Amino acid sequence: MSHPLPAPAAPAPNYRLIGSPDLLHDLIREFEEIGWSCSIMRWQAVITACPADASAPSPGWPAEVTLADVSHLPHSDACQDFFGMI
């Protein structure tokens with residue numbers, strides 16, 4: 001008797017943020033400590049959940065930060081898309 005294959009893991013979400021560079025750098029430090037991928041360029045940041053947190057609820061962002069978009073691209077692709085050609 002064959003068993004059905006497990007469903008593929010949900011792709012990790014990445015959050016595209018706009019805010020002051022100082023605040024974004026503080027956020028990045030916090031998320032890097034828990035294993036998330038983070039990149040910042042000027043007033044924009046991309047924070048991608050680690051695979052273990054892919055299905056976790058979206059973080060609550062500080063009021064001073066704008067959540068511009070959420071996607072499920074690989075981190076590097078999300079950065080290129082949000083920051084433009086690097």
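Colleague: Start with α2. Which residues are exposed on its other side?

Modeller: This is a predicted model: local features need pLDDT of at least 70, side-chain atom pairs count only at pLDDT 80 or more, and totals for chains, interfaces and linings use all residues. Residues are numbered from 1 along each chain as its sequence is written, and side-chain values use heavy atoms, with hydrogens and water left out. Exposed means over 50% relative accessible area, buried under 20%, partly exposed in between (1.4 Å probe, protein chains only). On the other side of α2, the exposed residues are Ser76 and Asp81.

Colleague: How many degrees around the axis do the buried residues of α2 cover?

Modeller: Helix α2 spans residues 75-83. Its buried residues are His75, Ala78, Cys79, Phe82 and Phe83. They sit on the same side of α2, because their arc (directions from the helix axis to the C-beta atoms) is only 110 degrees.

Colleague: Which elements are included in what covers those buried residues of α2?

Modeller: Helices (H or I, at least four residues) and strands (E, at least two) are DSSP runs, numbered from the N terminus. Contact means heavy atoms within 4.5 Å. The cover over the buried residues of α2 includes β1, β2, β3 and β4 (66-71).

Colleague: In what order do the elements of the protein chain run?

Modeller: The chain has two helices and four strands. Read from the N terminus, the order is β-α-β-β-β-α.

Colleague: Now α1. What is its reach from first C-alpha to last?

Modeller: Helix α1 covers residues 21-33, which is 13 residues. The expected span is 1.5 Å times one less than the number of residues. The reach of α1 is close to that expected value, at 18 Å.

Colleague: Within how wide an arc do the buried residues of α1 fall?

Modeller: Leu24, Leu27, Ile28 and Phe31 are the buried residues. They line one face of α1, because seen down the axis they fall within an arc of 105 degrees.

Colleague: Which exposed residues lie on the face of α1 turned away from its buried side?

Modeller: The buried residues of α1 pack against β1 (14-18), β2 (37-41) and β3 (44-48). The face turned away from that buried side carries Asp22, Glu30 and Glu33.

Colleague: How many residues of β1 are buried?

Modeller: β1 pairs antiparallel with β3 through five bridges; pairing takes at least two DSSP bridges. Five bridges also join β1 to β4, again antiparallel. β1 is mostly covered, and of its five residues the buried ones number four.

Colleague: Take Arg16. What is its bridge partner in β3?

Modeller: Arg16 lies in strand β1. Arg16 counts as buried, at 4% relative accessibility. Its bridge partner in β3 is Val46.

Colleague: How far apart are the closest N and O atoms of Arg16 and Asp81?

Modeller: A salt bridge is a side-chain nitrogen of Lys or Arg within 4 Å of a carboxyl oxygen of Asp or Glu. Asp81 is exposed, with a relative accessible area of 52%. Asp81 forms a salt bridge with Arg16, and the closest N and O atoms are apart by 2.5 Å.

Colleague: How many residues apart in sequence are the parts that this pair ties together?

Modeller: Asp81 lies in helix α2 and Arg16 in strand β1. The pair therefore ties together parts whose separation in sequence is 65 residues.

Colleague: Arg16 also meets Asp69. What is the N to O value there?

Modeller: Asp69 is in strand β4, 53 residues from Arg16. Asp69 is partly exposed, with a relative accessible area of 37%. The side chains of Arg16 and Asp69 meet in a salt bridge at 4.0 Å.

Colleague: Which residue with positive phi follows α2?

Modeller: Just after α1, Gly35 takes a positive phi of about 95 degrees. After α2, the phi is positive too, near 90 degrees, in Gly84.
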